[in-house]
Amino acid sequence: MPKRSEEMLMDLWLSLLLVWITCVLSVSMTPIIGQSKSTQTGGSAVVASGVGEGQRLLSRAKRGWVWNQMFVLEEFSGPDPILVGRLHTDKVDNDTARYSLAGEGAGTIFAINEKTGDIHAMKRLDREEKAEYTLTAKVTNGITGQLLEPMTEFIIKVQDINDNAPKFTEGPYHAAVEEMSAVGTSVITVTATDADDPVYGNSAKLVYSILEGQPYFSVDPNSATIRIALHGMDREMREDYQVVIQAKDMGGHMGGLSGTTTVSITLQDINDNPPKFSKSLYEFVIPEDLPLGKEGGKVKANDRDIGENAKSTYSIIEGDDQGVFEIITNATTQEGILQLRKPLDYESKRNYTLKVEATNIRSEPRSNGPFKDTATVKIVVEDSDEPPVFSKPMYLLEVDENAPINKIIGTVTARDPDATGSPIRYFIDRHTDLERQFNINVDNGRITLAKPLDRETDMWHNITVTATEVRNHSQISRAVVAIRVMDINDNAPEFATEYEAFLCENGKPGQVIQTVSAVDKDDPIQGHYFDYRLVPEMLNNPNFTIKNNQDNSISVLAKHDTFRRQKQEMYFLPIIVTDNGNPPMSSTNTLTIRVCGCSKDGIVQSCNVEAYVLPIGLSMGALIAILACIILLLVIVVLFVTLRRHKNEPLIIKDDEDVRENIIRYDDEGGGEEDTEAFDIATLQNPDGINGYLPRKDIKPDLQFMPRAGGLLAFRNWCLKRKKNS
């Protein structure tokens, strides 16, 4: 502590001494700096001078001093205003001269004694805020107010002192460098700034040094570049470092100000460590019925590196000549997973000894290998009660269609792989044989036919056969049995479709009427071949013949050109089709041939007999339309004549104003058609009694008169009633 106090006191004295020397130099040099902005022609001029203890005023004959700037120290904080300089003129007596200032800071920052011309700084100045002030000096006669000198502009510069410490504006810093980097490897460059004047003195001259982080890192004193300083820095030993860098002004000399920053440096991993198994021997017990692809055990090799540098792959390098096992890598846990590629068999092999190797995925040229490690894996196979094993995973059997019931189709076999050798029972999964077309012997696995089969209905039958241990019914195995139904020639060929041929009346002899082909539901190995022939009674028919096209089809030809619809509209041609099976099968198919009227180009136009009498050039639709129009005209004529006739007949009712209906009620039975005395037709025609009203004596009439009703209507109703009663 005493030593530190002594150093601080010494720094203080040196700072005060430096300030004093600067002030003395600036004040003493003021009168002789710069060029005057106005040239004096008289004998004297306004003179500015710095004033201090023991100073004398300088003068020059016949002209004033040439001046244009003054200096003042920043951050001066004395009890009295600091004297900056003095204005003076020798043209008049000092008692009558009056001095004044104008410009930046005049009256606020700077004040002038109007009699003496002394300029004082009234406030504490900071060069970093404003480095200079421009003012205008004016001297006048205090009595007359006349200018004694032309107004002169001058500058007051604020002189810098070391009052700003260096700063790291971008800190704190973070950097990374690979582990095991060589000494001198650049890590990061830091930069500090100083607000002091870089031109004047050493206030802004910075020197860098490292306060914390040695001996691992160093810093260049001028460029502030941090570098590796220690050889063999290993991330696995230490990963993070905190480095403190100092920047000091005044060139690093005593009394300078300083600033610090922190740099966090992380060592980046490289692949400089090999994988290492946690133990050299692994032992696993694996049941023989472990499914393929399932985990049988795990091994792990640890790596001190991280990320991609720590990833490894596993492989079996010895002890698995049959390729029973495989080892894969779990990408998340970096473990080696041991699993089966082939089934285990306790009865054939009970122990395995494997050699497993772990190898880094990435290699690092700067590190010495090998980047691998090995371990031994011993596997003991555990016996399990295994299900029966079929001699084949799939059976293919064949049977002829229409084979007799109980015919043996084939046999399936299975065995118990365990040492105990349990007997086996066989069954058909009826879900695969819903129609129960097959049976199986439970003891020997012999499959027989239960129902006749038809290849044309189902060509294949896929059934599932199960094998079960007698001693343990839970141990079941399954096998697929594919039964193919073999074809026999049990279907006769027939026409491929129902053909209907058309024959033109104006056709030429030998023209092809129809091409006929046949199909057969059977499927012989050698393929189909069909033989076509006419029935015996049609061999010598005068109308048609057939021609073999050598492609299992025939062409039906016309023998003459005298076919007419009036003579015969339709012909039936029976054809026998025979296949090449053993025994051959045949069928008779009839081809229908219609005689039609055709155009000159042979296009069929009509095949009806009635159409033959139609005018040439008119179609059936046109003729029907013409006939409909004629009928419509006849109906219109009949209606017109009827209406005309009714219009010429006189009306029965003579008085249109008084039309009534006679309703006569009586209880006697009418005399039929010959009874003409039951009513008086004259009365009905003239209800008003124009011709007289002569009612019958034997009828008690009950007359009711209905206005506006016609007499003819009453007569009609009466006639209908009489007819009904009779």
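A disulfide is a pair of cysteine sulfur atoms within 2.5 Å. The model is predicted, so local features need pLDDT of at least 70 and side-chain atom pairs count only at pLDDT 80 or more, while totals for chains, interfaces and linings use all residues. Residues are numbered from 1 along each chain as its sequence is written, and side-chain values use heavy atoms, with hydrogens and water left out.

By the rule above, there are two disulfides. One joins Cys-504 to Cys-598, with 2.0 Å from S to S. The torsion about this S-S bond is about -85°, so the disulfide of Cys-504 and Cys-598 is left-handed. It links distant parts of the chain, as Cys-504 lies in strand E34 and Cys-598 in strand E40, 94 residues apart. Strands (E, at least two residues) and helices (H or I, at least four) are DSSP runs, numbered from the N terminus. Cys-504 and Cys-598 are buried, where buried means under 20% relative accessible area, exposed means over 50%, and partly exposed lies in between (1.4 Å probe, protein chains only).

The other disulfide joins Cys-596 to Cys-607, with an S to S distance of 1.7 Å. The link of Cys-596 and Cys-607 is right-handed, with 100° about the S-S bond. Cys-596 is in strand E40, and Cys-607 is in the loop between strand E41 (604–606) and H2, eleven residues apart. Cys-596 and Cys-607 are both buried. With the bonded cysteines numbered in sequence order, the pairing is 1-3, 2-4.

Next comes the interior. A nonpolar core is a set of buried Ala, Val, Leu, Ile, Met, Phe, Trp, Tyr and Cys residues joined through side-chain atoms within 4.5 Å. The largest has 25 residues, and those with the most contacts inside it are Phe-544, Leu-573, Ile-575, Leu-591 and Ile-593. Strands that each supply at least two residues of this core include E34 (500–504), E35 (512–519) and E40 (586–598). Strand E39 gives the most to this core, with five residues. Apart from it lies another core, of 24 residues, among them Tyr-173, Val-177, Ile-228 and Val-263.

Leu-573 has contacts (heavy atoms within 4.5 Å) with residues including Leu-534, Met-538, Phe-544, Val-556 and Ile-593, not counting residues up to four places away in sequence.

Helix H2 covers residues 620–648 and contains Ile-631. At 47% relative accessibility, Ile-631 counts as partly exposed. Cys-629 is also partly exposed, with a relative accessible area of 48%.
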